[in-house]
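Biologist: Could you show me how to read a strand pairing and then a sheet, starting from a single residue?

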Amino acid sequence: MAVETLPPKAGGAGLGSGRGRILSSLRHNPLGITGGIMLVAVVLAGLLAPLLAPYSPSEVHFDTPFQRPLTEGFPLGTDDLGRDILSRLLFGIQTSLQVGVLSVLLAVVIGTPLGLLAGYSRGFDAVISRLTDVTLAFPFLIIAVGLAAISGPSLGNAAIALGIAQIPTMIRVVRGETLRIKESDFVLGARTMDASPTWIMLRHVLPNATSAIIVQATVIMPVAVIGEALLSFLGLGIQPPTPSLGIMLSDAQQYIFRAPSAAIFPGIAIALICLAFNLFGDALRDAFDPTNTTRK
Amino acid sequence: MLQDAENILEVSDLDVTFGGTPVLHRIGFSMRRGERVAIVGQSGSGKSTAIGAILRLLPGSGRITHGSIVLGAGRTRGGVEDLATATEPVMRSIRGQRVGLVPQDPMSNLNPAMKIGPQVADALVASRRDLGAEGKLDRAEVKRRAVALLTEAGIPDAERRYGQYPHEFSGGMRQRVLIAIALAGEPELLIADEPTSALDVTVQRQILNHLQSLVDARGTSLLFITHDLGLAADRTDRIIVMSEGRIVEVGTPRQILLDPQEEYTKQLVAAAPSVAAALDADPLAETPAARSEPILVVRNLVKEFALRGQRGGTVRAVNDVSFQVERGTTTAVVGESGSGKTTVARIILGLESASSGEALIDGASLTTTRGAQRRALRRMVQPVFQDPYGSLDPTYSIERLIDEPLRIFGVGDRESRRERVAELLDQVALPRGVAQRRPNELSGGQRQRVAIARALALEPELLICDEAVSALDVLVQDQILTLLADLQDRLGLTYLFITHDLSVVRQIAHDVVVMRSGDVVESGTVDEVFNRPRADYTKELLGAIPGAAFAA
């Protein structure tokens, strides 16, 4: 961008436009690009599972159990019931991503406004922080069991239980950031301009807390994917025969020595999902963080 | 190796690069034993890099790529060494023992989790590490010596304070501890890197006087790094002026101040507020002839803060302060940290409420009015804060920063707001091209211009400048002060200027209010206060302005 004085243009006042800054920052971050590509690949794999999968995920082949990877017809081999691991993996990614994204959304959508309120106003803080403490006192398994008891185990309920479990930490992260940001000079300046608390929270505190929220979201995401595996293992989450990465992992451990590949592939998929979200989240945070623009 | 045996330090043709970018270009100077030399320059001039090179503590990718730094033989120990090529073990025996450092920031250079005494004792033990078994002191002896060092550095009751933590010390006292640590190894060369920039002027003077007497008593050579030309002139035998990694000029204080040869030095001398104030016998051009009605009236203002943990205990930050500011003039509120000057500013801005008394802007107070009247008042008063790094939201573009007040007050539509931003950028002499940049892409001076543009957006009549130039380099400070004066002429603005720097006051203010511990000590026109100060405290403050010796 030119530093020199630009001649004033008619109407535009010669101030230029600020669009495209985040995109261009993302483009300059090789790790971020890698993460982004991985993320796109994982999401596409999940979305296109019905098209890509050679078989139905629950289709059994009793005559060919425990096939090794690269066997003809079963590129990643089969499990104890002769189900095609590749097909199950693709559908499993789909369900795991659904649970992960839903629970992260829940935590962000509920945790962020509560955190902002708690950080900004002392009155709200007293109420919200106590509620947070109470929620933290319940292990999320209890919440999950409760939900499953009321409305039956399902993907949605697992996501809700996982999301609720993450709300307290989200509130604390946002509250801490708010406490820090509201003391800064620029918030003081906004107050002298008669800005309302809503204006300050939404236009100053929230943008400055974005990077912390993104980081927290990328931390929650893998926790949720693994948490889903745990819930499904206990029978509180996804119900067989619907495949999820967690169910595949827990099934595979019964015959892990006979067919290690049945555990390895879903494990790799979980690792890839976590890595993709972390790398992309880091890049996103750098892109949103204006103090980082000099690093190119 | 050493060209003159009488020299303690000879730096020649020194080049330093950071990751391939040259930062120092063929720096060369020498210091005689017992001499006091100042390196003066603005931030980015390379003065701190020069010390980093001498101590071989260059941060990150810094490398010495050419030249030598020869340290003369010690009187009691150590031979001639070239510090540019010395090995790390040799450097370890030199740092703290033959070359001591008094660092800049007393707030961050002491370990907050460690008692003061042991921190001095650590330095003492480390400096004797090379002496082997016979140099080892027993614990009682270490403590005795550390207490002696603290006492020597000017800490009263050092025996008792030995066991206290840094947070129990004031800034000046912490700086004394740092001096004690630097002197623990009895170095022959002491490097002081802006040792008092973070301190109030009167404290600064005490510390420097003390440092000077210590250095003189020991015959230590002193390399003094500062951005304040007046301070350098007062305290040293020779001044080295640096700019952009080069030595611009070297000379005695008298030569540099009264007969500078280089263009850059001339600028620096002209801009240095302390020197300018001392050299320029005339205060600011006479106050506006027609004194109009006051825009700001502060009447019997009192602010008490409740003390934490003490029921009913209060501390009076502002005690019965009254003054008034006339339209179109500049009034400076001067005082050291803790004098209550910032609290006064915050009450005027409506950020704090007064315990009693009132601050009236055009007859109304921000803390008591509500609704439309309050909004109208807000538009009349705008602040410019001290720290241009903290006062601008880093996530905003410059355009959004400047038009935020317009958006809050719902002034104009998108197009007219853009026009206004462009106009404001012109007013503060910033190119319009910066509009889409973020604050962190601008320098400190540019940011402060943005802060001023933003304060002007609502066409206020009164600007409250809270230490608005203290964080800036002298040349930039001078530019901003000129800009403020220019804006006052063109827009008829009134300024309330909160500052600790008396020399700045002289440059821009018409009236002065001197505060100390919440009280107004003295007030009057600049001419009265500077030339005929009545209060002792004012005299003390005036005496502490560096560079005053060259007033004649």
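This is a predicted model: local features need pLDDT of at least 70, side-chain atom pairs count only at pLDDT 80 or more; totals for chains, interfaces and linings use all residues.

Biologist: How many bridges join β18 and β19 of chain B, and is the pairing parallel or antiparallel?

Modeller: Strand β18 of chain B, residues 511-516, pairs with β19(B) in the antiparallel sense, and six bridges connect them.

Biologist: Which strand order does the whole sheet in chain B have?

Modeller: Reading across, the order is β15-β16-β17-β13-β18-β19 in chain B. These six strands form an open sheet, and the pairing is mixed. At the edges sit β15 (381-384) and β19 (519-525) of chain B, each pairing on one side only. From one strand to the next, the twist averages 15 degrees.

Biologist: Now chain A, please. Where does UniProt place the "transmembrane region" feature there?

Modeller: The unreviewed UniProt entry puts this feature at residues 31-53, 97-119, 131-150, 211-235 and 255-280 of chain A. Residues 131-150 of chain A are 90% helix and 0% strand, with end C-alpha atoms 22 Å apart.

Biologist: Which residues of chain A does the "domain: ABC transmembrane type-1" annotation cover?

Modeller: According to the unreviewed UniProt entry, that annotation covers residues 93-281 of chain A. Over this stretch, the chain is 84% helix and 0% strand, and its end C-alpha atoms are 19 Å apart.

Technical notes
Residues are numbered from 1 along each chain as its sequence is written. Chains are lettered from A and ligands numbered from 1 in the order in which they are written. UniProt positions are given in the numbering used here, feature names are shortened, and annotations may be inferred rather than shown by experiment. Helices (H or I, at least four residues) and strands (E, at least two) are DSSP runs, numbered from the N terminus. Two strands pair if DSSP finds at least two bridges between them. Axes are lines fitted to C-alpha atoms, for helices over the stretch in contact, and angles run from 0 to 180 degrees between N-to-C directions.
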